[in-house]
Amino acid sequence: MVGVNSDRSVETLKGPGRPILPAEARAELVAALASVDYVVVFEESSAAGVLLDLRPDVHCKGTDYSVETVPERDVVRSYGGAVRIVGDPKNHSTRELLAEMARRGRQD
């Protein structure tokens, strides 16, 4: 199961003009992955409420976090769950990708 922030919560966390893709499109992309069984879009800026409702054994966050900086760490530990850091290094972003595409487009 994967939790996806709603558009409102992304804008609150990342600022005006975000997200670039709406929640429905982001959820559809994630749901297309073979390893994903279910996607939930949540309104809050933190996944704490979803985690308390679902109580997964393991809560995974990307490599832009450490176990100590995961905002939901205490919530997950409160019901006996574990926090894990997974994924590739965060040396890319949608904003940087779009800026590079725009730069290359001006060169043509």
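Strand 1 (2-5), helix 1 (7-14), helix 2 (23-31), strand 2 (39-42), helix 3 (48-54), strand 3 (58-61) and helix 5 (94-107) each contribute at least two residues to the lining of the largest pocket; helices here are DSSP runs of H or I with at least four residues, strands are runs of E with at least two, and both are numbered from the N terminus. What we are looking at is a predicted model, in which local features need pLDDT of at least 70 and side-chain atom pairs count only at pLDDT 80 or more, while totals for chains, interfaces and linings use all residues. Residues are numbered from 1 along each chain as its sequence is written, and side-chain values use heavy atoms, with hydrogens and water left out.

Let me stay with the pocket for a moment. A pocket, on a 1 Å grid over the protein atoms alone, is an open set of points where a 1.4 Å probe fits, with protein on both sides within 12 Å along at least five of seven lines, and its lining residues have an atom within 4 Å of a point. The volume of the largest pocket is about 1900 Å³, where volume is the space filled by probe spheres set on the points, and grid points are joined across faces, edges and corners. Its lining comprises 43 residues, and of these V2, G3, V4, N5 and K90 lie nearest the centre. By class, the lining divides into 25 nonpolar, 10 polar and 8 charged residues, with Ala, Val, Leu, Ile, Met, Phe, Trp, Tyr, Cys and Pro counted as nonpolar, Asp, Glu, Lys and Arg as charged, and the others, Gly among them, as polar.

Now to the chain as a whole. It has 5 helices and 4 strands, and, read along the sequence, these follow the pattern β-α-α-β-α-β-α-β-α. The C-alpha atoms fill a box of roughly 55 × 30 × 25 Å along the principal axes. Of the 108 residues, 28% count as buried, which here means under 20% relative accessible area, with exposed set at over 50% and partly exposed in between, using a 1.4 Å probe and protein chains only.

Next, strands 3 and 4. Strand 3 pairs with strand 4 (residues 82-85) in the parallel sense over 4 bridges, pairing being assigned if DSSP finds at least two bridges between two strands. Within that pairing, K61 has I85 of strand 4 as its bridge partner. K61 also belongs, with H59, to the covered face of strand 3, while V58 and C60 make up the uncovered one.

Which residues form the largest nonpolar core? There are 11 of them, namely V40, F42, A47, A48, V50, L51, V70, V75, V76, Y79 and V83. Strand 2, helix 3 and helix 4 are the elements that give two or more residues to this core, and the largest share, 3 residues, comes from helix 3. By a nonpolar core I mean a set of buried Ala, Val, Leu, Ile, Met, Phe, Trp, Tyr and Cys residues joined through side-chain atoms within 4.5 Å.

I will finish with the backbone and a few individual positions. The peptide bond from R18 to P19 is cis, with omega near 0 degrees, and P19 sits in the loop between helix 1 and helix 2. R55, although not a glycine, has a positive phi of about 50 degrees; R55 lies in the loop between helix 3 and strand 3 and is partly exposed, at a relative accessible area of 46%.

D64, by contrast, is exposed, with a relative accessible area of 52%, and lies in the loop between strand 3 and helix 4.
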